[in-house]
Amino acid sequence: MRSHVVSFFLLAPAAITFTALPATVAAQPATPEVYSLQVTSDRGLAPGSRLQFRLEGTPRAKASIRIRGAQSMIPLAETSRGVYTGRYVITRDDAIREGDKIRAIMRRGNRTVTASYDVPQGLGNVASAPPPPPLRIERFQVGAVDRIEPGTEIRFTVTGVPGANAFVNLPGVDNNVALREVNPGQYEGTYVVRRRDTLDPNGPIVATLRMGDRSVNMNLAQPLVAADNRPPAITNLTPREGDTVAGGPATVISGSFRDRGGAGVDPNSVRIMISGRNVTSDAQVTPDSFSYRAPLPPGRHTVDVTARDNAGNTVRRTWSFEIASGPANVPIQILSHVNNGQVDGNVTMVRGRTAPMAEINVRVDAVPPVVGQFGVAQNVLSRTIQADSNGHFEFSFSSPFPVPGTRYDIAMKAHKADITTESKLVLYQRQG
């Protein structure tokens, strides 16, 4: 409709408009009056041309137009006080010519007035309006989503002819998704999935542009849900890599599946191997996790878990842990210094060894050789570090007053598998 309206107003100044006093008036006193009549045409007097009428006269009357050569009477509607408008599309059966009589008829109650006019010269030569632009959709796109669930936002973009009404039909959604023209010919809109929707992402998703009684459609060619090509992950392992756990009636081996944005893990695809033995049938497996509980002999054990999501992406996770032959032990051995040893310089590096992957809490306090010289003992390091897979760890600290005789009290606490071991180390700043 926008293209048509623009065309009409461009042509309106060139159309023939007349305002005339009636040539003859047949009425009785107090009858309604016709003051003026205006006529415009968008394409002259050819079939398909649209004539527009504007009559001014007595308010609250009934008005109509009769044109010689036209097959039908043309009713007018009072659109504002005393102003009556209407239109007529010339058909192939009509034969309207310049100079033909036009009668404007007004009735009010039982009183009628008729005003006669002529179709003005030149009205048949009005230039034809250009045909409306062809409707077309050049591109229909969607921002692909990871999955369809309540709260998911789906963003659509349609590019085509400007000035149209645009919407998208989603299978399983009650109402069309209206799009807004953000730039000439570019339409955008968003739909938020609701719980009651039965949206089928594999069904036909259709965009429509509509102008008046014309419309054009285009099916979405790309998938609504992005292809799942990322494998799931196996996380939250118990025991952790390198752990040493105490032996007992049963050891629990467990983990979680995470397939963020994917199709989810297929429980039937999960396989759990412990030290070369398939224990899957004795484990509890869901799309989100797995768990196996059984007594294990002392020594090193390797867990090998494989799984596949519903899109066919596979994952494998292998890790090892120790079952202690006796009470589990987390020793702390200092490799870089002896107790009560001496150190040089401002920075001291300490290296040691404990159980693989154990956590070590370290605290270092510096005590000046003379009380009151630099105040009381001062903390220079407090942190938690983790040993590597071989149990090695290291840390360093700087002295706030590296004067000869300064004492460094080092407290270490190693923790693993609910077992904690404490150890102390004392070092002195070397005499100059």
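Predicted model: local features only at pLDDT ≥ 70, side-chain atom pairs only at ≥ 80, totals over all residues.
Select Met 357 in the loop between β26 (347–353) and β27 (359–367). Strands here are DSSP runs of E, at least two residues long, numbered from the N terminus. Met 357 is not a glycine, yet its phi is positive, about 65°.

Residues are numbered from 1 along each chain as its sequence is written, and side-chain values use heavy atoms, leaving out hydrogens and water.

Next, go to Arg 60, in the loop between β2 (50–57) and β3 (62–67). Arg 60 has a positive phi too, about 60°, and is not a glycine. Arg 60 is exposed, at 55% relative accessible area.

Now pick Thr 238 and Pro 239. A cis peptide bond joins them, with omega about -10°. Pro 239 sits in the loop between β15 (233–238) and β16 (244–245).

Finish inside. Select Phe 53, Leu 55, Ile 65 and Ile 67, the residues with the most contacts inside the largest nonpolar core, which has 26 residues. Such a core is a set of buried Ala, Val, Leu, Ile, Met, Phe, Trp, Tyr and Cys residues joined through side-chain atoms within 4.5 Å. Strands supplying at least two residues each include β1 (34–41), β4 (74–80) and β7 (111–118). A second, separate core of 25 residues includes Val 142, Ala 164, Leu 209 and Met 211.

How values were computed. Helix = DSSP H or I, 4+ residues; strand = E, 2+ residues; numbered from the N terminus. Buried < 20%, exposed > 50% of the residue type's maximum accessible area, 1.4 Å probe, protein only.
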